[in-house]
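Me: Please go through the labels used for this model. I want each one set against its cut-off.

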Amino acid sequence: MPTETERMLAGDPYDPSAPELVADRARARDLARRYNATSEAAERHRETLLRRLFDEVGDDPVVHPTFRCDYGYTVAVGDDFFANYGCVFLDANAVTFGDRCMLGPGVQVYTSTHPLDPEERAAGRERAEPVSVGDDVWIGGNAVLNPGVRVGDGAVVGSGAVVTDDVPDRVVVGGNPARVIREIE
């Protein structure tokens with residue numbers, strides 16, 4: 001029988017109140033709290049904490065505090081990853097960033113989703129769908145990436161955009177819901 005963690009990572013309905021997941025969230029919050037308490041001068045210590053928190057970390061990551069996430073072990077960031085102040089990853093499933101991705105302040109990435117039926121929702125089970133961001137992507141401040149979306153290589157997500165569908169390579173998207181504004185030549 002699969003564990004609640006295995007169900008969560010498989011995208012199946014899972015119980016977020018399961019003790020194993022509660023403990024995993026506590027671990028991630030402790031590491032994030034410790035990370036957020038560091039000074040900019042503590043670059044080496046910050047990177048060590050990120051490498052303990054995230055599943056994969058490329059070269060030269062920069063994450064400005066405050067940063068929050070649910071689990072951390074589902075997050076992978078490529079080389080030269082940059083996240084500005086106040087980013088939040090609700091990472092009950094994979095959150096993957098390619099190389100040279102830049103996130104503006106307040107970017108939020110959501111993998112968790114809940115049943116639409118109120119009785120099912122009241123039962124407390126939820127699901128999570130992975131979010132994937134390609135290489136050379138710029139995500140503007142306060143943008144939201146919803147469960148299951150993929151942002152293509154070289155794309156730009158405008159500030160405040162709410163991404164509900166996949167974003168093709170080399171386009172600019174904006175709005176709520178986000179739509180293609182133009183192609184990048």
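Reply: Two strands pair if DSSP finds at least two bridges between them. Helices (H or I, at least four residues) and strands (E, at least two) are DSSP runs, numbered from the N terminus. The model is predicted: local features need pLDDT of at least 70 and side-chain atom pairs count only at pLDDT 80 or more, while totals for chains, interfaces and linings use all residues. Residues are numbered from 1 along each chain as its sequence is written, and side-chain values use heavy atoms, with hydrogens and water left out.

Me: What makes β18 and β19 a pair?

Reply: β18 is joined to β19 (residues 179-183) by 4 bridges, and the definition asks for at least two, so the label holds. The two strands run antiparallel, with Val-173 opposite Val-180 in β19. In their hairpin, 4 residues lie between the strands and Gly-175 has a positive phi near 100°.

Me: How do you know that β16 pairs with β18?

Reply: Strand β16 (residues 156-157) has 2 bridges to β18, which meets the requirement of at least two, so they pair. These strands run parallel, and Val-156 stands opposite Val-172 in β18.

Me: Why is Asn-84 called buried?

Reply: Buried means under 20% relative accessible area, exposed over 50%, and partly exposed in between (1.4 Å probe, protein chains only). Asn-84 is at 19% relative accessibility, so it counts as buried. It is found in the loop between β5 (82-83) and β6. Leaving out residues up to four places away in sequence, Asn-84 touches His-64, Leu-103, Gly-104 and Pro-105, where contact means heavy atoms within 4.5 Å.

Me: What makes both faces of β18 covered?

Reply: Val-171 and Val-173 on one side are buried, as are Val-172 and Gly-174 on the other.

Me: Why are α2 and α3 called roughly antiparallel?

Reply: Their axes cross at roughly 165° and come within 10 Å. Axes are lines fitted to C-alpha atoms, for helices over the stretch in contact, with angles from 0 to 180 degrees between N-to-C directions. Angles under 35 degrees count as roughly parallel, over 145 as roughly antiparallel, 65 to 115 as roughly perpendicular and the rest as oblique. The pair is therefore roughly antiparallel. Arg-27, Ala-28, Leu-31, Arg-34 and Tyr-35 in α2 meet Arg-46, Leu-49, Leu-50, Arg-52 and Leu-53 in α3.
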